[in-house]
Amino acid sequence: MPLGFLYGKWIMKQRWKWKRDSIQVMTKQETCLFDLEKKNDLTPFFFFFLIIAQPLNVRMNLSQLYGSSTAGYIMCRGVHKIATTRFLICRDLLILQQLLMRLGDAVILGAGQLFQAQQDLLHRTAPLLLSYRLIKWGCQCLATDVPVDTLESNLQHLSVLELTDSSASVANKFVSSPQSLVELFFQEVARKHITSHLFSQPKAPLSQTGLNWPEMITAITSYLLQLLWPSNPSCLFLECLMGNCQYVQLQDYIHLLHPWCQVNVGSCRFMLGRCYLVTGEGQKALECFCQAASEVGKEEFLDRLIRSEDGEIVSNPRLQYYDKVLRLLDVVGLPELVIQLATSAVTEAGDDWKSQATLRTCIFKHHLDLGHNSQAYEALTQIPDSSRQLDCLRQLVVVLCERSQLQDLVEFPYVNLHNEVVGIIESRARAVDLMTHNYYELLYAFHIYRHNYRKAGTVMFEYGMRLGREVRTLRGLEKQGNCYLAAINCLRLIRPEYAWIVQPASGAVYDRPGASPKRNHDGECTAAPTNRQIEILDLEDLEKECSLARVRLALAHHEPSAVAVAGSSSAEEMVTLLVQAGLFDTAISLCQTFKLPLTPVFEGLAFKCIKLQFGGEAAQAEAWAWLAANQLSSVITTKESSATDEAWRLLSTYLERYKVQNNLYHHCVINKLLSHGVPLPNWLINSYKKVDAAELLRLYLNYDLLEEAVDLVSEYVDAVLGKGHQYFGIEFPLSATAPMVWLPYSSIDQLLQVLGENSANSHNIALSQKILDKLEDYQQKVDKATRDLLYRRNL
């Protein structure tokens, strides 16, 4: 090979090495220049010592000086000039590197050296070029004014994230002229950081007293460049844009940063997600939030996001991150995204049952808010914390009742939750107003759906009892009757030996959750009763209660004023109310149902007859209303028949229809009439003479009706002797062949004694003599009948 050719090749190789070395020197100088700016302390700069050496008022003036808009503009222009200059240098340097790479001779350098040159040069120059391009873009891009409502909404979101005290504080004022993003960043964030950094430096020697303004501005600009550097781990510039609602500019910045910068990737994804939330792109936001979760614990901003109030790092950072994002989505009002993110976070919780309970409770709540009842129930069943599960179950019951979605509420299976849901519905039923909430009906449907008829009957019976006690209206009485009918139907679906329910004894009260304890007069809590008496009600008892409910309703229709007291009245009290209202047929039916005596009915009817007899036309007109409510055989409404006559006729009908031993009802009617000084009607006297003349005589004596008593004794003796015996119910009068008869001698002796006490009264003497004559005649005929009887026996 010629020596000239080898020499030329050696010369070319040396030139390539010289160019490569010069490019490396330029790249290292550029990198070293940035590294000098990127250091955390600025001690190499002389002006720091000069500032600290100044008095406090000088330092305050410096803070005010650099807080003005003019200072911000100057700083921004300085940063822009530096960034532009360095961007052009890096651009030219990168072009030169590319040319040398393409024009270089791989044969001369070797493939390995060429590849190493690409790695060393291009991969160091390109990030510098892109970084200065981003800073230059930030100096040129203008910040937009933000409406007050957007600022307030952003402040609310930041408070949820607990970032209001960080560097991302919300701007509270508008600027008079447009400002760039870097100016905004300097005014809101960077200036405070630079000032605090300056004042935190060690004190300088006392001999240094001057302030070097050119060096000061240069150093501040360099520190501002450091804060703006894309790979700065503090992420303050992005945080400032987010805090000042510059969402469009923030998205553009992240899109320019994302392809090549691998620093603060998670923070960028989180802030991009916030931008998507503001612009209404929820699914994109959720995707960004999920991508950012993988970087939790690795980046400064995300660490500040999940730090607790006391500054401690939580045990599970990723779960804390999910909690913050879930709260943010909840405030924004995106329940679907909350459900999706919480579902993803459940897998992260693992065996942490507390976190599992919190997340599944969140899923339940938002499914319920969205009306996804089945999904809400499924989430409820998966909550591992029993107390939280019970709270959610209570919320499910209340919400579905308020929405009237009772079918879903009844048909849920409630595996291992049956007793809890029954207890919740029962407590709600006993604690709320009966006419505005239908918890009892819900509980009835709940038991019917599960074929638990006895429980269903118990529920409706309790419902009916409370309606009568608490709802004093016609509608309440109607519902009470329907409740008892439903309870009867339930027991009829059960085998007879199991057709019964348990009812708390009279006076017992239901325990309501949250009720205050009962106290005595001294203010001390009374001891709860240890034993509560219970009653067993069978089908017959329920039918009686149903009859009583129908009677209450009938009374309410006839006498609206009685509604207030009819609902909780017992059978005995209802008889009194019915008698007062004139519903005697209904009262008698009720007495027969509950096996009560009819005495109050007859006494009440007798009293009404007395009032009519002495009342005026108004009483007569009023009486026709209650007379028509009773089933008379025929009501005569002619001029010859008055309301008084019809009332007496009704009383007579009842006395003939309802006969009892000892003729109790005749006695009580006559006693009532005589106690009010009313003469006995002839039909009543004749009726009572047939059944118990002796008792009639005693009643006459009790009320000092001596003349009537004498006439009764005279007629009674005549009847015994055979004269008019059929009027006294004597089948066979006195004779030797007839059964024995008797006279009430005790009462007659009492009458004679009373008549004899006033011997000066000629009328009494005449009455006494009349009785004695009758008795003498009676004795003679008794003596004759006795002899005839003895004669017949001796034959």
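A charge sits over a ring here if NZ of Lys or CZ of Arg is within 6 Å of the ring centre and within 35 degrees of the ring normal. This is a predicted model, so local features need pLDDT of at least 70, side-chain atom pairs count only at pLDDT 80 or more, and totals for chains, interfaces and linings use all residues. Residues are numbered from 1 along each chain as its sequence is written, and side-chain values use heavy atoms, with hydrogens and water left out.

**View 1. Lys 608 and Arg 454 each put a charge over a Trp ring.** The charged end of Lys 608 is 5.3 Å from the ring centre of Trp 626 and sits over that ring. With Arg 454, the charged end is 4.0 Å from the centre of the Trp 500 ring.

**View 2. Tyr 440 and Tyr 463 make a stacked pair.** Aromatic pairs are Phe, Tyr and Trp rings (for Trp, the six-membered one) with centres within 6.5 Å; planes under 30 degrees apart are stacked, over 60 edge-to-face, and the rest tilted. The structure has 20 such pairs. For Tyr 440 and Tyr 463, the centres are 4.9 Å apart and the planes 10 degrees apart. Helices are DSSP runs (H or I, at least four residues), numbered from the N terminus. Both Tyr 440 and Tyr 463 are buried, where buried means under 20% relative accessible area, exposed over 50%, and partly exposed in between (1.4 Å probe, protein chains only).

**View 3. Tyr 716 and Phe 728 form a tilted pair.** Their ring centres lie 5.3 Å apart with planes at 55 degrees, so the pair counts as tilted. Tyr 716 is in helix α34 (residues 706–720), while Phe 728 is in the loop between α34 and α35 (745–756); the pair therefore ties together parts 12 residues apart in sequence. Tyr 716 counts as buried at 10% relative accessibility, and Phe 728 does too at 7%.

**View 4. Five rings join into a cluster.** Ring pairs link Phe 270, Phe 289, Phe 301, Tyr 321 and Tyr 322.

**View 5. Glu 239 and Arg 304 form a buried salt bridge.** A salt bridge is a side-chain nitrogen of Lys or Arg within 4 Å of a carboxyl oxygen of Asp or Glu; by this rule the count is 22. Here the closest N and O atoms are 2.6 Å apart. Glu 239 sits in helix α10 (residues 236–243) and Arg 304 in helix α14 (residues 300–306), so the bridge ties together parts 65 residues apart in sequence.

View 6. Asp 369 is partly exposed at 43% relative accessible area, and Lys 365 is partly exposed at 34%.

**View 7. Asp 718 and Lys 774 bridge two helices.** Their side chains meet at 2.6 Å, N to O. Asp 718 lies in helix α34 and Lys 774 in helix α36 (residues 762–794), so parts 56 residues apart in sequence are tied together. Asp 718 is buried, with 14% relative accessible area, whereas Lys 774 is partly exposed, with 23%.
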